[in-house]
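User: Hi! I'd like to go through a structure with you and learn what stands behind the terms used for it. Could you start with how helix packing is described?

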Amino acid sequence: MKSPTVGFAIWMAMIPYLAFAQAEKLQAGPMVGYSTMQEAGVWVQTDRPADVSIRYWSENDSTHLYQSSVISTNAAQAYTAHLIADSLQPGHRYRYLLYIDNIEIERPYKLSFTSQPLWQYRNDAPDFSFALGSCMYINQPEYDRPGKPYGRGYHIFNSILEKQPHFMLWLGDNVYLREADWNSRAGIYGRYTHDRSISELQPLLGSVHHYAIWDDHDYGPNNSDRSFWNKEITAEAFRRFWYNPNYGQSGGNDISGTFFWNDVQFFLLDDRWYRAPNSMEDKNKPLLGQNQMRWLKDALLFSQAPFKIIVMGGQVINPAQDGENYASYPSERQQLLDFIKEENIPGILFLSGDRHFTELSMLQHDSYPLYDLTVSPLTSGVVSPDEEQNTCRVKGTLISQQNFAVVQVSGRKGDRSLNITVYDDEGSTLWQKTINQNLLNKNETEGG
């Protein structure tokens, strides 16, 4: 019989091996999802059944260690887990460790998340920044089209991390389902797993919060609409691989939702679930659909945020009926623009992706100037819209190369600003633009 001392020594000698064995079970992540004042979400994926959890502590007080509930991953949910850190105090930065089967999994980069501050009735809203981009194509030669690889420049994710945004907003086409993917659950989940697992992405996932919408390529085939036969499965996969705080705000199984970061409210729209076919001749055809439009209008009326940022996969302001712009759905688009005017809703800004180029569009609306910032692509192919007549394009903002943007929200109450910077894939500045909240206000515009 071994003595306790010998047994303990053997156990200690085995720890490095056990940790390595458990690390092999990690498929992707961890990824930091949503954040509130008292809880935050963390996503992780294993490659086989395992028990996963996180342990975390405030950088201000390392003496108190907290642990999430333990989640058992399984094949039915693609071995993904949604963990909740629910012992947070507002306005703290937390460090965390990942555990698989009760063994710590070391990561060669920082793992951290932030709880949002409690500023209301105490101080002005704190400044913050967020990154945004769309169109992430990750090559997989056995399923890609023959010829030159469509994806490139994965180092862009490190360039984004270097800007240290509080969160990243993914504007759709975050994966590209291929012909071999979209007809089966195995193909859809396999695509999400493959693309989420690339090494270049992991450090960004581990310490920057992430929110997302989808567009056609992570919903189904190119230009897909409400008729897509497997949309229930892609909606399920989207929910499993992203960790937004809510979905289905229109009352359906769509991915619409909303969240706050400090004093700014974001409205995440689903431009696929209710979308009529692009080729339909009816000018009254829906894109958002009646229920989603009703929710959006109600939510905009209720919101007191100085900036109400509406996020949709396709462009809203560009009047050219090219690509899959909202202009191809003229009646519903006009309904939304008229609503903003008639209800005198201040602070609207649109964010969009999809187009494989970046530009800022501005419509001199009867209410106030309406801006739409389109940011694309991250790693996919680039398009130059030489023949497209976007008469609303702000001069000097068209970018036809891999890029991303960072928006800094800053200023005192009543004088908040959005400071937009677009960067190339190396992190060098391409252009900048500042939009003050007073510009997005009908009364201020009429008075000045």
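Analyst: Happy to! Axes are lines fitted to C-alpha atoms, for helices over the stretch in contact, and angles run from 0 to 180 degrees between N-to-C directions. Keep in mind that this is a predicted model. Here the axes of helix α3 (residues 185-196) and helix α6 (residues 231-241) come within 10 Å and cross at roughly 30°.

User: Why are α3 and α6 called roughly parallel?

Analyst: Angles under 35 degrees count as roughly parallel. The axes of α3 and α6 cross at roughly 30°, so the two helices are roughly parallel to each other. The crossing of α3 past α6 is right-handed.

User: Which residues make the contact between α3 and α6?

Analyst: Contact means heavy atoms within 4.5 Å. On α3, the contact is made by R185, I188, Y189, Y192, T193 and R196, and on α6 by I233, T234, E236, A237, F238, R240 and F241. By class, seven of the contact residues are nonpolar, two polar and four charged.

User: What makes a residue part of the lining of the largest pocket, and how many are there?

Analyst: Lining residues have an atom within 4 Å of a pocket point. The largest pocket, with a volume of about 760 Å³, has 36 of them, and W119, D263, Q304, A305 and P306 lie nearest its centre. They divide into 15 nonpolar, 14 polar and seven charged.

User: What lines the second largest pocket?

Analyst: That pocket has a volume of about 550 Å³. Of its 25 lining residues, R145, Y150, Y176, H217 and N222 are the closest to its centre. The lining has 10 nonpolar, five polar and 10 charged residues.

Definitions and conventions. Residues are numbered from 1 along each chain as its sequence is written. This is a predicted model: local features need pLDDT of at least 70, side-chain atom pairs count only at pLDDT 80 or more; totals for chains, interfaces and linings use all residues. Side-chain values use heavy atoms; hydrogens and water are left out. On a 1 Å grid over the protein atoms alone, a cavity is a set of points where a 1.4 Å probe fits but cannot get out, and a pocket is an open set with protein on both sides within 12 Å along at least five of seven lines; lining residues have an atom within 4 Å of a point. Grid points are joined across faces, edges and corners, and a volume is the space filled by probe spheres set on the points. Ala, Val, Leu, Ile, Met, Phe, Trp, Tyr, Cys and Pro count as nonpolar, Asp, Glu, Lys and Arg as charged, and the others, Gly among them, as polar. Helices (H or I, at least four residues) and strands (E, at least two) are DSSP runs, numbered from the N terminus. Angles under 35 degrees count as roughly parallel, over 145 as roughly antiparallel, 65 to 115 as roughly perpendicular and the rest as oblique. A crossing is left-handed if the near helix is turned anticlockwise from the far one by less than a right angle, and right-handed if clockwise.
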